[in-house]
Amino acid sequence: MPLITIPDIEFDFEEQRQKRTVDEHVQPFPKRFCQKWGRRPAWVGLDKNIAQESMSNGLDTLSYVFVNLRSLGARAIPAISVHADKNTLTAVSSITRQDRLGVGVCIGLEDLMKRNLNANLIRLVSTLGLSFSQTDLLLDLGAPNFCPYSDFSAALTRALSKVKVLKGHRRLVLIGSAMPESVGALAKGMSEIPRHDWLFYQTALKEMDTRFPQPIFGDYTVVHPRFRAVDMRLYKPAGKLFYTVKDKWIVCKGGAFQSNRAQMHDHCQSIVGNGLFKGPMYSKGDEYIARCAARVEGPSNATTWKQVAINHHISHVVIDDLATLGGQP
């Protein structure tokens, strides 16, 4: 179940043009959401830089998004900060009354350490006219040092135990990432990055207080939390391919992508031949890797390879990680 945040105004790779206004930027989202995700539930929020904006028809951006998602039959749940302002709460209150799907409340580690978190959660839920059984608590850990896993789990448990209303929440989701902000330090060739976020979660699942709702695993796929979208036409990254396996990411890295796109055929061949490849039927990403390794698919562009890596990662988390662990995606 994805948590989708509409980002700040940026370059639109589907339309291949820079968006200039909030209307241009936000209007395509509801239709794209339904085309790509259908009527399955998802949390949907807004970047803080556009959350206070209004559309040309006078609606605030959040209300506009949900009016149009609703008209298309989507099952979206608004995701807002625990510090949401009055206008946002007014919009969300209207949304939740109509959709009856509840709300997701996002908090960070810094919020968890504050004494007034319990009071803030009570205030927010009361203002929305909801109960905690209609509220998901989305705890964004960011990219912390997860190691040692038991120590971090114990510290997190102590902090969560101070949230007296936690047990009443519908869901508790732990979101984090062990993906480095840059792979610049990695040598060319094949490397491995431990999936500390996933390894920590397994420890936390065993050790966290049973008085809490069972924590649900969440991650940033193969993107660091501080990722900022850039115009890939101006950026000169190395050609690289991320491939998720049980407890690590395999990274195949080469030289500048734009100077030698054909290197992606070799990267794909390395993945296909390493004994851990899941096969072309596993996911759309795996199918693309297999076809590129066989040179029946071109090396495409950097955006496509990000999509390939994310598609395979999500499939692996759902099919191999959570399903076998008995977790809840």
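On a 1 Å grid over the protein atoms alone, a cavity is a set of points where a 1.4 Å probe fits but cannot get out. A pocket, by contrast, is an open set with protein on both sides within 12 Å along at least five of seven lines, and lining residues have an atom within 4 Å of a point. Grid points are joined across faces, edges and corners, and a volume is the space filled by probe spheres set on the points. The structure described here is a predicted model, in which local features need pLDDT of at least 70 and side-chain atom pairs count only at pLDDT 80 or more, while totals for chains, interfaces and linings use all residues. Residues are numbered from 1 along each chain as its sequence is written, and side-chain values use heavy atoms, with hydrogens and water left out.

One cavity of 30 Å³ or more is present in the structure. The largest cavity holds about 60 Å³ of space. Its lining consists of Leu141, Phe146, Leu174, Ile175, Gly176, Asp197, Phe200, Tyr201, Phe217 and Gly218. At least two lining residues of the largest cavity come from each of β8 (171-176), α9 and β10 (215-219); helices (H or I, at least four residues) and strands (E, at least two) are DSSP runs, numbered from the N terminus. The lining of the largest cavity comprises seven nonpolar, two polar and one charged residues. In this classification Ala, Val, Leu, Ile, Met, Phe, Trp, Tyr, Cys and Pro count as nonpolar, Asp, Glu, Lys and Arg as charged, and the others, Gly among them, as polar.

The second largest pocket contains about 210 Å³ of space. This pocket is lined by Leu112, Met113, Lys114, Arg115, Leu117, Asn118, Arg158, Ala159, Lys162, Val163 and Lys164. Helices α7 (117-128) and α8 each contribute at least two residues to the lining of the second largest pocket. By class, that lining has five nonpolar, one polar and five charged residues.

Helix α9 (residues 196-207), which supplies at least two residues of the cavity lining, also packs against helix α12 (residues 302-325), their axes coming within 12 Å and crossing at roughly 10°. Axes are lines fitted to C-alpha atoms, for helices over the stretch in contact, and angles run from 0 to 180 degrees between N-to-C directions. Helices α9 and α12 are therefore roughly parallel to each other; angles under 35 degrees count as roughly parallel, over 145 as roughly antiparallel, 65 to 115 as roughly perpendicular and the rest as oblique. Trp198, Tyr201, Gln202 and Leu205 of α9 are in contact (heavy atoms within 4.5 Å) with Asp321, Leu322 and Leu325 of α12. The residues of this contact are five nonpolar, one polar and one charged.

Helix α12 also packs with helix α11 (residues 284-293), at an angle of about 125° and with the axes 7 Å apart. The arrangement of α11 relative to α12 is thus oblique. Lys284, Gly285, Asp286, Tyr288, Ile289 and Cys292 of α11 form the contact with Thr304, Trp305, Val308, Asn311 and His312 of α12. Five nonpolar, four polar and two charged residues make up the contact of α11 with α12.

Most residues other than glycine have a negative phi, and most peptide bonds are trans. Arg295, a residue other than glycine, has a positive phi near 60° and lies in the loop between α11 and α12. Ser300 is placed in the loop between α11 and α12 and has a positive phi of about 55°. Ser300 is partly exposed, with a relative accessible area of 25%; buried means under 20% relative accessible area, exposed over 50%, and partly exposed in between (1.4 Å probe, protein chains only). A cis peptide bond, with omega about -10°, joins Cys147 and Pro148. Pro148 lies in the loop between β7 (135-142) and α8 (149-160) and is partly exposed, its relative accessible area being 48%.

Thr96 is buried, at a relative accessible area of 4%. Apart from neighbours within four places in sequence, Thr96 is in contact with Pro78, Leu101, Gly102, Val103, Leu128 and Leu130. Thr88 is buried too, with a relative accessible area of 16%. Not counting residues up to four places away in sequence, Thr88 touches Gln52, Leu62 and Ile80.
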